[in-house]
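Biologist: I have a model to go through with you. Can you put it up?

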Amino acid sequence: MTNPCRLAHLAILLLPLTALPAQSAALHDEMEFVRGLVSELRFIDLAQLEVDQLKKKYKDSGDFKLVAQLHIDVSLQGAKRHSDRAQQRALYKDAIEKSSEFVDRYSGEPVAAKARVTMADACIEFGNFLNEELELAREENPDKVAGLEEEAAAIFRKGVEAAKNSEVAFKNEGNKIEQFVAMLRRGILIREHARAVPKDRTYLCGEASDVFEELILEVGEETILGQKALFERSKIAEVKGELAAAASRYKDTISAIYTSLTDPDAGLPESAQRLMFEMMQEVYDRAATVQYKQGNSEAVLALVTELQKRIKEFQTEPHYLYGASIMLTAARVKAASPSQSDVSEALKTAKEINKDHANDYVGLKAKYLIRDILRSKADLVTGALLLEVARGDYQEKNYDAAIDGFKRAINGMDAESRKKLGFDAWVLIGRANQAMKRDLEAAMAFSRALDEFGAELQAKNDNDTNQKLRATATAAASCLGRALESAGQHAAFTDLKSKIDGQLSDYNPDVATAGDYAKGLQAKAKNSFADAAQLFFAVQPSFPKYELAIGHGIECLFRANKFDEALKKIEEYRSWAKQTAIPEDDRVRRGYRPQALAWVHYTQGRILYERARGKDGKPDLTKFKDVEKHLLEFEATHAAHAPQQMVKVHEMLGHAYLEVGQDDKAVARYNTLKNLGTITPDAHKFLGAKIFNTYTDQVRALETEMNSLVEKKQDATATGTKLRLLRQQALDLGLDYARTIGKPAYALLYNTMRLAEELEDWPKCEKAAEMILKLYPKSKAGSFRQVRPVLGYALLRQSGRMQEALDILEKAEKQLAKGKKTSAYYEVLRYKALALGGWPAMDKDGINYEPKTGLGKPAEAYQIYYLSEYRKFATNSKRTPRYSLPWYRFHLEAYYFARHAQSKDDKFRTRAEALYGIAQNVDDFATLRSLGPEGVRIHNLFQRIQK
């Protein structure tokens with residue numbers, strides 16, 4: 001008797017292993033959401049985007065490894081569930097690659113064990129995928145076999161290595177359960193390697209058999225894992241081509257599992273029963289495949305019958321994969337029958353399986369069976385079933401095959417089927433031709449559908465049927481129109497055109513108004529807005545796109561600057577819409593109405609905005625309140641189904657807020673636009689630039705106010721604080737804007753750099769300067785005159801970068817010395833002196849004296865600063881009035897150089913004393929102290945150097 005405790009204990013062996021470390025509740029919820037996207041909704045691409053966001057969010061967190069492991073799981077589970085085989089291949093490879101990277105990165109940590117298990121599982125899944133490709137290639141495309149064998153062998157070797165490593169790791173931990181599962185994986189990988197590569201099959205099968213036998217001895221035949229190992233070992237006979245032996249072993253395995261499931265004393269938990277029954281369905285599938293290969297048709301059908309009986313016995317459902325696979329094998333048996341009912345049943349089964357397994361291996365084999373039946377047994381299949389098969393080709397965009405199939409179906413229909421399905425068949429032929437741009441053939445097919453079935457269908461007089469007839473007549477006319485544009489008005493088409501024109505008149509009474517709509521679109525595209533508006537307003541309410549036509553017309557009036565007419569039309573339309581209900585079953589019009597209402601609301605907002613802006617740059621500030629109210633109503637009502645219009649709404653609100661001085665709200669709209677991404681480059685760009693310019697205008701105004709207060713010797717402390725905050729806001733916005741816009745204007749970057757300089761934020765100053773040099777490399781003169789001096793100064797103000805600063809400044813000096821010397825040239829000389837000799841400075845609190853030594857060459861600095869042409873420039877009375885802040889600053893820096901140079905050359909002592917005396921002269925620094933906060937700072941520095 002089986003030990004029920006041991007079975008229950010080992011039931012977990014076929015479930016995911018190795019728990020991950022604990023994580024935060026927030027991360028847990030986010031990870032569960034991502035897993036649900038894959039497992040429940042199959043939104044694999046969306047899940048990968050969510051994982052990418054989590055990687056960014058947790059990149060500096062200890063939880064990053066959990067997110068990295070989630071990436072691997074999403075790729076693997078996504079590959080299993082994806083409907084596209086090309087995407088499956090890419091996802092399997094991604095899971096294996098990321099598992100390998102994860103193991104390398106965290107090889108010494110417990111989480112690496114899970115990654116090795118995942119890698120082995122991914123190699124099993126991808127290897128099976130490649131074996132499926134190989135089986136199909138050997139039948140359909142032998143040229144691909146060698147490359148697939150080589151790829152599969154590499155994957156299986158990688159999987160065996162991962163399984164072996166995890167097996168050793170679990171053994172060392174004393175974790176026998178996971179060690180045994182790792183052994184099972186290793187055996188499966190070796191056996192499937194043998195299946196993939198015939199030349200290595202003999203020794204690989206022997207190696208796999210040894211692994212399974214060792215595992216069975218360790219865990220016992222009576223355990224779930226033991227039975228799984230027995231089953232996996234029995235597949236070796238099939239791989240070796242020993243089909244009779246394989247069939248016998250599969251039969252024994254089925255009996256053993258059934259006995260365990262029906263043993264009342266086994267005490268199997270429900271989870272273990274599910275696992276074992278799933279395994280039994282897989283064995284049935286393999287057994288049926290082997291019997292089919294041996295030509296034992298009756299045995300195949302008997303196995304199917306027996307499995308169906310046991311599915312009912314255990315009150316469960318057929319397995320998604322194994323159930324479909326065994327039914328497809330039975331269909332292949334019936335497809336070989338001479339009976340029409342058997343062949344039709346086989347085709348029906350293959351079609352249903354193909355629909356449920358559109359792109360997986362079972363689905364591909366179903367497609368091949370459908371193809372074989374249609375080639376050899378088409379005369380035994382009903383027309384209705386042939387139509388469904390052809391519809392499958394159409395859905396997969398195999399249009400030529402679909403057209404042949406639809407025609408074959410029509411020819412195979414009896415009178416009753418033709419009456420029910422003939423119209424749809426000819427319409428589908430038309431659509432397939434239309435998709436391939438065969439306009440004449442499409443027009444003829446649509447016309448034939450109407451010719452043969454239109455009158456009878458029209459007699460039903462129901463809305464859906466009339467819509468179908470109208471659409472078909474319109475499609476016929478459109479396709480013929482395109483064909484005539486290409487071929488010209490050839491006489492051969494006269495009868496067909498006359499016929500289709502008559503059908504259009506019979507089945508689409510809105511043909512005239514549809515023409516107005518189309519002509520309106522053409523006029524609008526040519527910017528003929530007044531003409532376009534007239535055409536759009538000529539469209540009749542019976543036309544399905546009537547309300548969209550109204551939206552177009554109102555927009556055209558706006559763009560033609562006919563604001564009053566547009567507003568009048570808006571009121572008329574709203575009144576009409578309020579009084580005109582749309583029938584519940586008219587889904588088309590019900591879909592258009594919200595779009596139209598949003599459109600006219602938005603256009604009205606643009607009119608209000610343009611009127612508030614005024615003409616000639618003279619806005620009417622009293623009108624912006626109405627603009628804000630209207631646009632906020634649009635946002636609350638229509639944002640969900642008008643995302644593109646919301647872009648302009650954000651922009652208009654941002655500009656409106658700037659006009660009325662609500663800068664914070666403007667910045668909020670700018671940030672919203674920025675976060676929308678690349679769909680809004682212009683709106684984001686224009687609004688951001690305007691906000692920046694507004695800030696810089698305010699900065700300059702405060703600077704003027706500050707200077708006025710200093711001149712009047714009034715307290716400027718509060719204004720200075722406000723100025724610094726505003727400069728910081730402008731700087732942050734400028735850098736953020738520069739990062740998100742492809743190529744900001746030179747002036748904006750330059751002003752950003754200067755703001756950083758004024759704030760003494762040297763890293764940001766450096767960043768702005770380097771962006772200018774990178775984005776505007778051809779502005780050589782400007783860069784040496786305006787940018788490189790500032791960049792050099794920003795570098796010298798950063799610790800350890802003096803020599804780097806000096807190199808840049810010397811290049812700028814050399815360039816600026818050519819031709820007439822400007823103030824930029826003399827500014828560079830000053831910066832060079834500071835780099836060589838340093839400068840006096842206080843700490844950030846203005847308390848402790850912390851002089852900067854530069855490169856420790858104060859004598860050279862003094863030579864450049866005081867004994868060269870720079871002194872004449874710096875003390876020019878027209879430029880630098882005596883006892884002004886710049887005048888005092890010049891003497892402070894020269895004094896600093898002389899005092900520091902005197903330690904090596906005593907002659908500088910006299911020069912230093914003379915400089916101090918010049919600055920102190922007249923009023924003992926009273927004038928300097930009266931020049932505001934900067935004057936006080938310079939005075940304090942004089943005193944500290946003197947000490």
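Biologist: Cys123, buried or exposed?

Modeller: Buried, at 0% relative accessibility. Buried means under 20% relative accessible area, exposed over 50%, and partly exposed in between, with a 1.4 Å probe and protein chains only. A caution: this is a predicted model, where local features need pLDDT of at least 70 and side-chain atom pairs count only at pLDDT 80 or more, while totals for chains, interfaces and linings use all residues. Residues are numbered from 1 along each chain as its sequence is written, and side-chain values use heavy atoms, with hydrogens and water left out.

Biologist: And Cys205, buried or exposed?

Modeller: Cys205 is buried, with 2% relative accessibility.

Biologist: Switching to the largest nonpolar core. Which residues touch the most other members?

Modeller: Ile691, Met753, Leu796, Tyr870, Tyr888, Phe897 and Phe942, out of 111 residues. Such a core is a set of buried Ala, Val, Leu, Ile, Met, Phe, Trp, Tyr and Cys residues joined through side-chain atoms within 4.5 Å. At least three residues come from each of domain 3 (790-837) and domain 4 (838-852 + 860-947). Those domain bounds come from an automatic or database domain assignment.

Biologist: What is Met753 in contact with, leaving aside neighbours within four places in sequence?

Modeller: Cys765, Ala768, Ala769, Ile772, Gln786, Val787 and Val790. Contact means heavy atoms within 4.5 Å. Apart from this core lies another, of 55 residues, with Val343, Leu385, Leu387 and Val427 among them.

Biologist: Now helix H10. How many residues, and how many of them are buried?

Modeller: H10 spans residues 224-239, 16 residues in total, and 14 of the 16 are buried. Helices (H or I, at least four residues) and strands (E, at least two) are DSSP runs, numbered from the N terminus. From first C-alpha to last, H10 reaches 23 Å, close to the 22 Å expected. The expected span is 1.5 Å times one less than the number of residues. Just after H10, Gly241 has a positive phi of about 90°.

Biologist: Which phi does Lys437 take, and where is it found?

Modeller: Lys437 has a positive phi of about 60°, although it is not a glycine. Most residues other than glycine have a negative phi. Lys437 is found in the loop between helix H19 (415-435) and helix H20 (439-458). It counts as exposed because its relative accessibility is 70%.

Biologist: What about Asn561?

Modeller: Asn561 has a positive phi near 65°. Its loop is between helix H25 (546-559) and helix H26 (563-579). At 61% relative accessibility, Asn561 is exposed.
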